[in-house]
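Trainee: Please take a close look at a single part of this structure with me, and then carry on from there in one connected account. I would like the terms defined as you go.

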Amino acid sequence: MTAKTKIIISDLHLGAGLEGAGGNRLEDFISDIDFVEWVHGLTAESNRTGADMEFIINGDFMEMLQVPAVVRFDPTEPYPPAAYAANDEASALLKLTHITQGHPGLFAVLADFISHQPRRNVVILRGNHDPELYWPGVQDVLRHLLGATGEVVNLLQFPPLSYLTDGVYVEHGNQYTESVNRFQNPSAPLDPQDPTRLELVWGSRFVFEYFNQIERERYWVDGVAPMTGLIWYGLHYDFPFAARALKLLLAAVPRLGLPREVSPKQIDAISALEADLADPDDLPALQARYESDPAFRHEFEARVLEALRDVSTDDTLLPSARDLTPAAALARAEQLADEYRRRLRSEAQRIATETQARLVTFGHTHVSETFPLADGATYINSGAWIGAADFSHATPAQWEDLFRHPDAYANQRQLAFVRVDYDAAGQLSARLLHVGQPTPPGGTGSGGVHPAPSPHKGCLPALLLLPFRR
C-alpha cells in the first residue's frame, strides 16, 4: 500500500482579518503565521517521503456570522445585524472576499499544498458557522484560489455533511449537541421558506443580533464559556459591562425567533428590566444597591432569570427561574457542557458501529479529546484554533482573575489537529497533536490510536466557546 497521511483540523473561524493592530475586534483567528509554517512543513514532508497526504478541514473553517456582506469592509464600522445575517449566494461571495483578503498567506499555503504527485488533496466540510460553503459560487471561488481546477479539480472536495474514507469518518458535530445549532436538512441547509437563502438557526441569530455587539466591547468574551458564568460573574466583578450586555440581549430577544413563544409575563419582565437599564446615569446607583443589599440582589437576579426564560431550548444561556443563585446557574452550565461531550461520544460509537470506521472525528465543541470506543475504534475531537479557556468548572477566584486580567487567557491557543498514518498493511494509527509538538513516528502496525497529553494539563483552565457560538 502507498504510504499516506491524513491531517484533520476544525474550527479556525477565519474572519475578515485583523486589519492592522487589532482593528477588527470580531477577528478570532490570529495564528496565520503558525498555520503557514505548519502546512509548509507538511508539504515538505510529503515531498521528501513521497507519501500521499490528505488535509481535511472539519467545519467552521470560516466565521461567516462575523463578516458583513458589504462591498467595502471597514473594521471600525458597527454594521447592523442584517449585514451579518445575509446568506444568499451573492452575500456569501462578498463575505468570502473579505475573509480571503484578510488571510492571504493561509489560502496561499493551501494552494501550495495541493499536488498531483505526490497526491495531496484538501477536503473542506461545512459547520454551523459556514453553511455558505453549500453555494456553488463559493466553492468555485475557492477552487480557483487554491488552484484546484482542470485536471486537478478533484483534489479539492466539499462533502455535503460528512466524509468517510480509509476507515476514518469526519463530521463537524453540531447536529448532535445543542438543538439551537441544528439544521433541518444539514446536507442542503436551505431556508424552507426561501431557497435562495440558507436556514438561519437560532444559534446564528444569537450571534449577529447580540453577541457581535458584545465582542466589539470585550474582544475576549468570544472564548468564554459558559455565558451563564460570564453574566453572573460580570454582575459581581464588572456591573456596568454586565448591565450593558443584558440591555443588548433583552432588546434582541423579540428578534431572535425563539424556539418557544415569549409569554406576556416574560415580555413584562423584559420591559421592566429594560426600563431600569435604559439610563446609563442610573447604573451607579443600581450597582451600589445590588452590591450592598442582599434582598435586592436576590430580587434582581430573579427578574433577570424571568426575563431570559426559555431564550434557549437547552437552557444554555441561563437556567430556569427556580435556580436563583450564581452557583446554581454555573452548576447547570457545567452539566450541559458534560452532556454535550457525552452526546458526541455516543454518536461517535453509533457511527463507528454503522460504518465500521476505525476512527470517528468531530469538532464543534472546541474541546480536544481522545476517547476509546467499542471494538477497538476511537473517537477524537480535533479542538479549535482560536482562544479557548474552559471556565465551565472554574472557581470564583478564577472568574475574578479573568475579569481583572483577560489578556492572560484570551491569547491562549492550542492549535490542535489529528494526524492519521497508515502502515504498509493499511492499518491506521491516529494521534491528537498540537502544532509545535514533535511529530511521533508514523505507523505502529497495531492500528492503535495514540492519545496526546491533555491540552489543559499544567496550565490555567482554557476559555471554551459558549454553546451558541460553537
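Mentor: Asp60 is found in the loop between β2 (52-58) and α2 (81-85), where helices (H or I, at least four residues) and strands (E, at least two) are DSSP runs numbered from the N terminus. Before going further, note that this is a predicted model, in which local features need pLDDT of at least 70 and side-chain atom pairs count only at pLDDT 80 or more, while totals for chains, interfaces and linings use all residues. Residues are numbered from 1 along each chain as its sequence is written, and side-chain values use heavy atoms, with hydrogens and water left out.

Although Asp60 is not a glycine, it has a positive phi of about 50°. Asp60 is also buried, its relative accessible area being 0%; buried means under 20% relative accessible area, exposed over 50%, and partly exposed in between, with a 1.4 Å probe and protein chains only. His13, a residue other than glycine, likewise has a positive phi, near 55°, and this histidine sits in the loop between β1 (4-9) and α1. At 0% relative accessibility, His13 counts as buried.

A further loop residue is Gly383, which lies between β12 (378-381) and β13 (389-390) and is buried at 1% relative accessible area. Leaving aside residues up to four places away in sequence, Gly383 touches Ser10, Asp11, His366, Val367 and Ser368, contact meaning heavy atoms within 4.5 Å.

Turning to the helices, the axes of α1 (residues 32-49) and α4 (residues 104-113) come within 9 Å and cross at roughly 5°; axes are lines fitted to C-alpha atoms, for helices over the stretch in contact, and angles run from 0 to 180 degrees between N-to-C directions. That crossing makes α1 roughly parallel to α4, the label used for angles under 35 degrees, whereas those over 145 are roughly antiparallel, 65 to 115 roughly perpendicular and the rest oblique. On the α1 side the contact includes Phe35, Val36 and His40, and on the α4 side Leu106, Val109 and Phe113. The residues of this contact of α1 with α4 divide into 8 nonpolar, 3 polar and 2 charged, with Ala, Val, Leu, Ile, Met, Phe, Trp, Tyr, Cys and Pro counted as nonpolar, Asp, Glu, Lys and Arg as charged, and the others, Gly among them, as polar.

Pro104, in helix α4, is exposed at 54% relative accessible area, and its C-alpha atom is separated by 10.0 Å from that of Leu145, 41 residues apart along the chain. In the loop between α4 and β3 (120-125) lies Pro118, and the peptide bond from Gln117 to Pro118 is cis, with omega near -5°.

Finally, in helix α9 the buried residues are Gln266, Ala269, Ile270, Leu273 and Leu277. Seen down the axis of α9, these buried residues fall within an arc of 100°, so they line one face of the helix; the arc is that of the directions from the helix axis to the C-beta atoms. On the other side of α9, Pro264, Asp268 and Ala275 are exposed. What covers the buried residues of α9 includes α8 (239-252), α10 (283-292) and α11 (294-307).
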